[in-house]
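Look at the sequence and the structure first, then read the points below.

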Amino acid sequence: MLNANEILCYESIKCKGDWQEIYKNIQNREIIDEEECRKVLNNCKRKFITILDNNYPENLKNVFRPPFVLFYEGDISLIEDYTKNLAIVGSREPSKYSLESMDKILSEIGNEFNVVSGLAIGTDAHAHELSLKNKGKTIAVLGCGLDCKYPLSNFELRQRIIKNGLLLSEYPDGCEPKPENFPIRNRIIIGLCKSIMAFDVREQSGTLCSANLAVEYNRNLLSIPYPICSSNLNNDLIKNGALLIENGEDIRLAMEH
């Protein structure tokens, strides 16, 4: 007899992590061939947790379409307490000002919080690197299967993250990165964290979408102030309620808020 966790994992693999397809099959009480299911699960080399597990974060259940299954490598306990997790989101082409500000602020908080980001080139990779440099733990949430070496330039970084943090995805092995996966992935990043710090926020960007999700999910939205000649929207976020961050102590206060 298959248990509920096995069924969820099987559906996730069969549907390639597509939330709507998984939900439809569950809702329609799809008849599952137990032998086929066992074969698929035996071929699955990844550790996973499901939304039914006790260590699945309650705060993640409150996001839009919470993932049924999370495949992972590394320390899964890092997702259990969202008050210890700080998300960093930003551009794949970050400004020098943003990188220097991130360097200063994250060095001041050391390893007090787990940095959560998406392992993309630019802001994400820099945030993960700084966390590891500061002897901290970091969580990378992917928009593809864990077997996919994307982006290839960050492959060595992801190996270090596995040893000193957590690699996480709702997509099973074999799922290639698709443009539509990354905005969907962002809800997991936001769901795992108490505070979200946004850099280089621009119109119609994934970073702006993440900032809006942070507000929607009642998370702390953080931003450094930018020069008045900047084309970024960060100062507008601050005017509309985002917490202004200038140093590590501001981060500490935000995480206590």
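Tyr150 is partly exposed because its relative accessibility is 35% (buried means under 20% relative accessible area, exposed over 50%, partly exposed in between, with a 1.4 Å probe and protein chains only). This is a predicted model, in which local features need pLDDT of at least 70 and side-chain atom pairs pLDDT 80 or more, while totals for chains, interfaces and linings use all residues. Residues are numbered from 1 along each chain as its sequence is written, and side-chain values use heavy atoms, without hydrogens and water.

**Aromatic pairs**

- The whole structure holds 5 aromatic pairs (rings of Phe, Tyr and Trp, the last by its six-membered ring, with centres within 6.5 Å; planes under 30 degrees apart are stacked, over 60 edge-to-face, the rest tilted).
- One of them is the edge-to-face pair of Tyr97 and Tyr226, with 5.2 Å between centres and 65° between planes.
- Tyr97 belongs to helix α4 (residues 96-109), and Tyr226 to the loop between β8 (220-223) and α9 (234-239), 129 residues apart (helices, H or I of at least four residues, and strands, E of at least two, are DSSP runs numbered from the N terminus).
- Tyr226 is buried, at 7% relative accessibility, and Tyr97 is partly exposed at 33%.
- Tyr150 and Phe182 make a tilted pair, 6.0 Å centre to centre and 40° between the planes.

**Cluster and charges**

- Trp19, Tyr23 and Phe68 make up one aromatic cluster.
- Phe182 is buried at 14% relative accessible area, and Arg92 lies over the face of Phe182, 5.7 Å from the ring centre (NZ of Lys or CZ of Arg within 6 Å of the ring centre and within 35 degrees of the ring normal).
- Lys149 lies over the face of Phe155, at 4.9 Å from the ring centre.
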